[in-house]
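Please look over the sequence and the 3D structure below before reading on. The paragraphs after them go through the structure part by part.

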Amino acid sequence: MSIMSNENVMVWNVRGLNARARRNSVREFVVQERVSLLCLQETKMVNVPSALVNEMLGPLFDYCFLPSVGLSGGIVLAWRTDIWSMENVSVQRFSVTSNVSLLNIAGGPWWITVVYDPQNDDEKIELLDSLVAIRAASPGAWLLCGDFNMIYKEADKNNGRLDRRGMRRFRSFINRMEIDELHLSGRRFMWSNRRDTPTLE
């Protein structure tokens with residue numbers, strides 16, 4: 001997604017940053033696409049040292065992170081400090097939120113919240129409730145992105161194994177928050193369980 005012509009934003013479930021090859025892939029993509037703001041989910045890292053981020057993104061990036069729980073989850077929100085200003089950074093149990101503005105360019109700031117959704121149903125409810133509170137405290141434009149592990153319509157899954165109660169809950173949240181979906185371009189699904197007969201969402 002591009003906010004402006006040269007300020008590219010990337011949202012990516014990286015499925016772990018522990019391997020150097022994965023970090024190299026991130027770096028290559030960031031350079032190739034001239035990404036200046038990136039949201040990485042499922043880092044699978046309890047701690048994200050600055051040396052690792054410098055190796056992966058270079059010295060122009062600053063970052064904040066949500067630790068993983070063991071090898072589950074984790075978020076890195078990183079930005080080029082010569083392009084973006086980040087203020088009021090808040091790290092919560094399932095998300096990272098910040099007030100974002102472009103340096104030296106007219107226009108008001110906006111908010112970004114990056115999510116890594118848990119698998120447990122009670123925790124999903126907790127996540128959505130926390131997002132309602134975040135939105136109430138973050139007036140103005142808001143970009144909500146990340147890995148939700150939830151769908152709100154049948155077309156977002158390739159089989160009939162649907163959690164309809166969870167779908168209704170997610171749809172109600174989307175409607176209540178007046179969220180507009182940024183539709184996937186060029187493919188129908190973005191996640192697979194990688195089985196011989198895969199579930200796609």
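**Cysteines, strands and helices**

The sulfur of Cys-39 lies 3.9 Å from the closest cysteine sulfur, that of Cys-145, which is too far for a bond. The model is a predicted one, where local features need pLDDT of at least 70 and side-chain atom pairs count only at pLDDT 80 or more, while totals for chains, interfaces and linings use all residues. Residues are numbered from 1 along each chain as its sequence is written, and side-chain values use heavy atoms, with hydrogens and water left out.

A disulfide is a covalent bond between the sulfur atoms of two cysteines. The cut-off used here is a pair of cysteine sulfur atoms within 2.5 Å. How many disulfides does a search of the whole structure find? It finds zero. Cys-64 is another case: its sulfur is 9.4 Å from the closest cysteine sulfur, in Cys-39, and this is too far for a bond. Cys-39 counts as buried because its relative accessibility is 0%. Cys-64 counts as buried at 11%.

Now take the protein as a whole. It has four helices and nine strands. Helices (H or I, at least four residues) and strands (E, at least two) are DSSP runs, numbered from the N terminus. Along the sequence they follow the pattern β-β-α-β-α-β-β-β-β-β-α-β-α. Of the 201 residues in the protein, 44% are buried. Contact means heavy atoms within 4.5 Å. Among contacts between residues at least 6 apart in sequence, 57% join residues at least 24 apart.

Strands of a sheet pair through backbone hydrogen bonds, either parallel or antiparallel. Here two strands pair if DSSP finds at least two bridges between them. The strands β3 and β5 pair in the antiparallel sense over five bridges. Strand β4 (residues 61-66) also pairs with β5 in the antiparallel sense, over six bridges. In that pairing Tyr-63 has Ala-78 of β5 as its bridge partner. Is β5 largely enclosed or left open by the rest of the structure? Five of the six residues of β5 (residues 75-80) are buried, so this strand is largely enclosed.

A further group of four strands forms an open sheet in the order β6-β7-β8-β9, with mixed pairing. At its edges stand β6 (84-91) and β9 (142-147); each has a single partner strand, so one side of each is left without a neighbour in the sheet. Neighbouring strands of this sheet are turned by 20 degrees against each other on average, direction ignored. The strands β6 and β7 (residues 95-102) run antiparallel and are joined by six bridges. A hairpin of three residues joins β6 to β7, and Val-91 has Val-96 in β7 as its bridge partner. Strand β8 (residues 110-116) and β9 run parallel, joined by six bridges. Thr-113 stands opposite Leu-144 in β9.

Two packed helices are described by the angle between their axes and the distance between the axes. Axes are lines fitted to C-alpha atoms, for helices over the stretch in contact, and angles run from 0 to 180 degrees between N-to-C directions. Helix α1 (residues 20-33) and helix α2 (residues 50-57) pack at about 50 degrees, with their axes 8 Å apart. Angles under 35 degrees count as roughly parallel, over 145 as roughly antiparallel, 65 to 115 as roughly perpendicular and the rest as oblique. The helices α1 and α2 are therefore oblique to each other. Arg-20, Arg-23, Val-26, Arg-27 and Val-30 in α1 meet Leu-52, Asn-54, Glu-55, Met-56 and Leu-57 in α2. The residues of this contact divide into five nonpolar, one polar and four charged. In this grouping Ala, Val, Leu, Ile, Met, Phe, Trp, Tyr, Cys and Pro count as nonpolar, Asp, Glu, Lys and Arg as charged, and the others, Gly among them, as polar.

Some loop residues remain. Thr-43 is in the loop between β3 (35-41) and α2, and it counts as buried because its relative accessibility is 0%. Leaving out residues up to four places away in sequence, Thr-43 touches several residues, including Val-14, Asn-18 and Ile-75. Arg-15 lies in the loop between β2 (7-13) and α1 and counts as partly exposed at 26% relative accessibility. Most residues other than glycine have a negative phi. Arg-15 has a positive phi, near 55 degrees. Arg-34, in the loop between α1 and β3, also has a positive phi near 55 degrees.

How values were computed: Buried < 20%, exposed > 50% of the residue type's maximum accessible area, 1.4 Å probe, protein only.
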